[in-house]
Amino acid sequence: MTQAHTRLITRRQTLHHLAWGLSAWALSTGVVQAAETSLPVTSSLPESLQQALQRKQPLVVMVSLHGCPFCKVVRENYLMPLQREGLPVVQLNMRSTQAITDLDGSAQTQDGLIRKWGIQLAPTVLFLGPQGKEVASRLKGAYLADFYGAYLDEQLAQARQATARP
C-alpha cells in the first residue's frame, strides 16, 4: 500500500469519527432541531428503477425514520455525496402515508411497502437491479462509523457489477 493511499484511508477514518462524534454531540445537547434534509422521494419505484438502469446503475433505496439520528448520519455523510456524484438514490420513510407505486405496479403507502419488504430497522439501505431484484445485501442499521463506508462501498460495487451484466 502506498503512503498516499494510507493517508487517504486515515483521513477517511478521521472524517467518519468526526461525523459520528458531532452527530452524537449535537443530538445529546439539543443543537439539532432543524428540519431534516432528505434524499429525493419517489412516487414510482418502477420509474426510478428504469431511470437508474438506463444509466447502468442500481437504484439505491434508503428506508429512513423521521428523527432517527443514525439515518441522518447515513443520509448526509454517505448517500447524499454519492447522489451528488450521480448515483440514483431515493428515500422512503417509515410511517409515511405518502402514496407510492410498488415494483409490481400496485399502489400503496411508503410505510405499507416498507412493511411488505419486512424492514423493521432504520436506516436500511437496499440495492435494486433488473426486475427490481435486490442485487446486493441490505445494509441494516448504522454499523460502526469506522466500517459503514467500507460496507457501503462493498455492497455498491456488488450491485453495480450485477447491474452492468447484460
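**Cysteines**

I began with cysteine 71, which counts as buried at 0% relative accessibility. The model I am reading is predicted. Cysteine 71 belongs to the buried residues of helix 3. I then looked up cysteine 68. Cysteine 68 is buried too, with a relative accessible area of 8%. How many disulfides does the structure hold? I found zero.

**Helix 3**

I went on to the helix that carries cysteine 71. Helix 3 covers residues 69-84, 16 residues in total. I read 21 Å from its first C-alpha to its last. That is close to the 22 Å expected at 1.5 Å a residue. Where does helix 3 bend? The bend is at arginine 75 and comes to about 35 degrees. Arginine 75 is itself on the list of buried residues of helix 3. The list also includes Val73, Val74, Tyr78 and Leu79. Met80 and Leu82 are on the list as well. Just after the helix I noted glycine 86, with a positive phi of about 115 degrees.

**Aromatic pairs**

I searched the whole structure for aromatic pairs and got two. One joins tyrosine 78 and tyrosine 148, with ring centres 5.0 Å apart. Their planes stand at 55 degrees, so I logged the pair as tilted. Which parts does this pair tie together? Tyrosine 78 lies in helix 3 and tyrosine 148 in helix 5 (residues 145-164), so the pair links parts that are 70 residues apart in sequence. Both tyrosine 78 and tyrosine 148 are buried.

The other pair is phenylalanine 147 with tyrosine 151. Here the ring centres are 6.3 Å apart and the planes are at 40 degrees, so this pair is tilted. Phenylalanine 147 and tyrosine 151 are four residues apart in helix 5, which puts about one helical turn between them. Residues three or four places apart in an α-helix point the same way, because a turn takes 3.6 residues.

Valine 125 stands opposite leucine 139 of strand 6.

**Backbone in the loops**

I finished with the loops. Alanine 122 and proline 123 are joined by a cis peptide bond, with omega about -5 degrees. Proline 123 sits in the loop between helix 4 (110-116) and strand 5 (124-128).

I also looked for positive phi in residues other than glycine. Lysine 56 has one, at about 60 degrees. Lysine 56 is in the loop between helix 2 (45-54) and strand 1 (59-64). At 61% relative accessibility, lysine 56 is exposed. Glutamine 131 likewise has a positive phi, near 60 degrees. I placed glutamine 131 in the loop between strand 5 and strand 6 (139-140). Glutamine 131 is exposed, with a relative accessible area of 71%.

Technical notes
Residues are numbered from 1 along each chain as its sequence is written. This is a predicted model: local features need pLDDT of at least 70, side-chain atom pairs count only at pLDDT 80 or more; totals for chains, interfaces and linings use all residues. Side-chain values use heavy atoms; hydrogens and water are left out. Helices (H or I, at least four residues) and strands (E, at least two) are DSSP runs, numbered from the N terminus. Buried means under 20% relative accessible area, exposed over 50%, partly exposed in between (1.4 Å probe, protein chains only). The expected span of a helix is 1.5 Å times one less than its number of residues. The bend at a residue is the angle between axes fitted to the seven residues ending there and the seven starting there. A disulfide is a pair of cysteine sulfur atoms within 2.5 Å. Rings of Phe, Tyr and Trp (its six-membered ring) pair if their centres lie within 6.5 Å; planes under 30 degrees apart count as stacked, over 60 as edge-to-face and the rest as tilted. Two strands pair if DSSP finds at least two bridges between them.
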